[in-house]
Amino acid sequence: RRPAIEQIVWAVELTSQYVPGTTCLTKALTAQRLFIQYGYETDLKIGVAKNGEQPFAAHAWIEMDGQPLLGELKDLDRYHELLTIKGQR
């Protein structure tokens, strides 16, 4: 039985609370692998903050059909996308 998208997101978010040093990148990589395993096509996005006046900031998140699913989802427009990794089975 294939888990729902929300179940995968929930599982990654929950387990990441128990792994010291977890970052948005490790969560996104884990989620991407699970989504591929269960036949979902998602995009892992990596970006950097657009505003050069603030300290360097990078972020990773997962999208499906252009909709963010996992990662700090507010203020995604502050990041300039550098890389997209397509997750396909």
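Asp 65 is exposed, with a relative accessible area of 73%, because exposed means a value over 50%. This residue sits in the loop between β2 and β3, and its phi is positive, about 50°, although Asp 65 is not a glycine. The model is a predicted one. In the protein as a whole there are two helices and four strands, which follow one another along the sequence in the pattern α-α-β-β-β-β.

**Overall form**

- The protein has 89 residues and a radius of gyration of 13 Å, which agrees with the value near 12 Å that a compact globule of this length would have.
- Its C-alpha trace spans about 50 × 30 × 15 Å along the principal axes.
- Of the 89 residues, 35% are buried.
- Among contacts with a separation of 6 or more, 59% are between residues 24 or more positions apart.

**The two helices**

- Two packed helices are described by the angle between their axes and the distance between the axes.
- Helix α1 covers residues 5-16 and helix α2 covers residues 24-37; they pack at an angle of about 145°, and their axes are 10 Å apart.
- The crossing of α1 past α2 is right-handed.
- On the α1 side the residues that meet α2 are Ile 5, Ile 8, Val 9, Val 12, Glu 13 and Ser 16, and on the α2 side they are Lys 27, Thr 30, Ala 31, Leu 34 and Phe 35.
- Sorted by class, this contact of α1 with α2 holds seven nonpolar, two polar and two charged residues.

**Ile 5 in helix α1**

- Ile 5 is part of helix α1.
- Leaving aside residues up to four places away in sequence, Ile 5 touches Phe 35, Tyr 40, Met 64 and Leu 69.
- Ile 5 and Gly 39 are 34 residues apart along the chain, and 11 Å separates their C-alpha atoms.

**The sheet**

- Strands of a sheet pair through backbone hydrogen bonds, either parallel or antiparallel.
- Here four strands make an open sheet with antiparallel pairing, in the order β3-β2-β1-β4.
- The edges are taken by β3 (67-70) and β4 (79-87); each has a single partner strand, so one side of each is left without a neighbour in the sheet.
- From one strand to the next, the twist averages 40°.
- Strand β1, residues 42-49, pairs with β2 in the antiparallel sense over six bridges.

**His 59 in strand β2**

- Strand β2 runs over residues 58-64 and includes His 59.
- His 59 has a relative accessible area of 7% and is therefore buried, since buried means under 20%.
- Not counting residues up to four places away in sequence, the contacts of His 59 are Cys 24, Lys 45, Ile 46, Gly 47, Gly 71, Glu 72, Leu 76 and Tyr 79.

Key:
Residues are numbered from 1 along each chain as its sequence is written. This is a predicted model: local features need pLDDT of at least 70, side-chain atom pairs count only at pLDDT 80 or more; totals for chains, interfaces and linings use all residues. Side-chain values use heavy atoms; hydrogens and water are left out. Buried means under 20% relative accessible area, exposed over 50%, partly exposed in between (1.4 Å probe, protein chains only). Contact means heavy atoms within 4.5 Å. Axes are lines fitted to C-alpha atoms, for helices over the stretch in contact, and angles run from 0 to 180 degrees between N-to-C directions. A crossing is left-handed if the near helix is turned anticlockwise from the far one by less than a right angle, and right-handed if clockwise. Ala, Val, Leu, Ile, Met, Phe, Trp, Tyr, Cys and Pro count as nonpolar, Asp, Glu, Lys and Arg as charged, and the others, Gly among them, as polar. Two strands pair if DSSP finds at least two bridges between them. The radius of gyration is taken over C-alpha atoms; the globule rule is 2.2 Å times the number of residues to the power 0.38.
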